[in-house]
There are 2 protein chains.
Amino acid sequence: MLGIIAVDFGGTNIRAAYFPSPQPPPTSQNKTATLASEGPDSVITRLIQAIESQIPKDAVDLRIGIGAPGPLDPRSGVIISSPNLAGWTNIPLRDQLSEHFGVPVFLGNDANVAALGEWRFGAGQGTDNMIYLTISTGIGGGVIADGRLLLGARGLAGELGHLTIESNGPTCGCGIKGHIEAVAAGPAIARNATDQLEAGHFSSLKETLSAQGKITSVDIGKAAQAGDELAIAVIEEAGFRIGHHLADLAHAFNPEVFILGGGVSLLGDFLFEPIRHSLREHIMDPAYLDGVGVLPAALGEDAGLVGAMVLASQS
Amino acid sequence: MLGIIAVDFGGTNIRAAYFPSPQPPPTSQNKTATLASEGPDSVITRLIQAIESQIPKDAVDLRIGIGAPGPLDPRSGVIISSPNLAGWTNIPLRDQLSEHFGVPVFLGNDANVAALGEWRFGAGQGTDNMIYLTISTGIGGGVIADGRLLLGARGLAGELGHLTIESNGPTCGCGIKGHIEAVAAGPAIARNATDQLEAGHFSSLKETLSAQGKITSVDIGKAAQAGDELAIAVIEEAGFRIGHHLADLAHAFNPEVFILGGGVSLLGDFLFEPIRHSLREHIMDPAYLDGVGVLPAALGEDAGLVGAMVLASQS
């Protein structure tokens, strides 16, 4: 019987879980801090401990699936570099873990892996062409194209947050100007709200800013639910940008469904309604949108774990 | 023995050719005017005549492959609509031709089909991940992803000219603002040169504009070769934009090679050098460009015919 240890390896936390068969739910899981600043050796030790904690006593035919921050090469199993993991350059994580445990290990980009989870067990079930975006501090992506996860030459495809929307726009986390991530992810939403507050616009967020010294997209979501017009307008602006981006992605990939996850997607209809409106407005032909939904992710923060299980089970 | 009639069906001309085996060159071909303004019935009659003219007397096991302007659905064989073909809305071209000739017919988007040609017999041979762009009056695209032509849900994927580079930029042929086609295809290059001439900048193109009433990208190419600085700068600007776009496409698709065809690509190094420079400048990680070339298309205006043959032979 195939048992799978799935690992969601992030810049903040390491989550590991045991799936006794290739479907959710897992029968056990744990969560530990990554402590990325301590460097690769120390983090790999914690990864090994997290995995060991999940191995059942009667394990046979075990596999390990891991979603990790990229860029990484899923075919060679190497983490090429990572803005969120200090010191990780060309680290052959897959082979290191495979040697340590003596079982097959599968490594994938975190957003790609979450897309696999949503495709097999979440909001994308039954489709052959699906776009997954995770919108939080940054914007990550995963593409299911013609029934397969799109990888590209070195497995680096699907970095959908790093497509241009405004070539001279704000600088992105990656250092290039004008990507959709730079104008519509959480920090951009918070910055737009802060700018408007500082320009003297009225809003209940003024108090929040004074009290906390900063505001987040969570604060803005709460204010929007209480009817705050500035908060609603700032979310609408991000939704408009994201909808425009989805139209570009429709022209490139022609998906059956768009699935949005990540913290910012929890803003709900305040975000999704302007996204749907803007998508229709920026599409070159209505044939692209025939029956195409823009749906919230169904697996929440478990998408990465479930996807890592799918990655290991289907390979 | 498999014989293939390949058809390159464009808004201006219909080209048809006979390939006695699934490889170039064809043993015969012809070219007739499309006369699109006469409407679908009249154009389909000419398509049938063009195909008939290529059927050899001893034809057995014949197939027909057609590249046509989109949007079209290659799976159902229906031309959904077409800006360049008046009156073509939901026309089941594939089934009409298949009934008429009693042989299998395969229909594909013209740029996708040209990409197939370059992939199998042109500059993309031996790759599994390739981006093809044809840059002329508009910008069309075709994507080979993980060893297959990317189609998407309704076969509408790969419209790479209709991705945003400047959300409030000039209006594109498709009616949406700021697509790469609107800022870097032939008409945009000509418009930029004309604007600069009208603003009083010195250039040999001033005489061309006076004599012809307008200038084209061909005129600008000739002036660049003669050392005209304004012509060189205008081409460089388009190359800069296209290179930026290729970086976006690298993040989305992670190809091994970019292949550029179409009339504007004949501007050669004046265009390709700034494209390569700008691609490097706008890439988020050098891993995307490891060994990745930006190459001129190898098949020239035969890419569509050869690709239509490939489409029919591989299906």
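## Domains of chain A

Domain bounds are taken here from an automatic or database domain assignment. In this predicted model, that assignment divides chain A into domain 1, made up of 3–116 + 302–314, and domain 2, which spans 127–297. The centres of domain 1 of chain A and domain 2 of chain A, taken over C-alpha atoms, are separated by 27 Å.

Where these two domains of chain A touch, 12 residues of domain 1 are in contact with 15 residues of domain 2. On the domain 1 side, helix α3 (residues 110–121) of chain A gives the most, with six residues, and the residues of that side divide into eight nonpolar, one polar and three charged.

## Contact between the chains

Between the chains, 37 residues of chain B are in contact with 37 residues of chain A. Helix α8 (residues 229–253) of chain B gives the most to the side of chain B that touches chain A, with five residues, while the residues of this side as a whole comprise 19 nonpolar, 10 polar and eight charged.

Of the interface residues of chain B, 100% are also interface residues in chain A, so the copies meet through the same surface.

Technical notes: Residues are numbered from 1 along each chain as its sequence is written. Chains are lettered from A and ligands numbered from 1 in the order in which they are written. This is a predicted model: local features need pLDDT of at least 70, side-chain atom pairs count only at pLDDT 80 or more; totals for chains, interfaces and linings use all residues. Two residues are in contact if their C-beta atoms, placed from the backbone, lie within 7 Å. Helices (H or I, at least four residues) and strands (E, at least two) are DSSP runs, numbered from the N terminus. Ala, Val, Leu, Ile, Met, Phe, Trp, Tyr, Cys and Pro count as nonpolar, Asp, Glu, Lys and Arg as charged, and the others, Gly among them, as polar.
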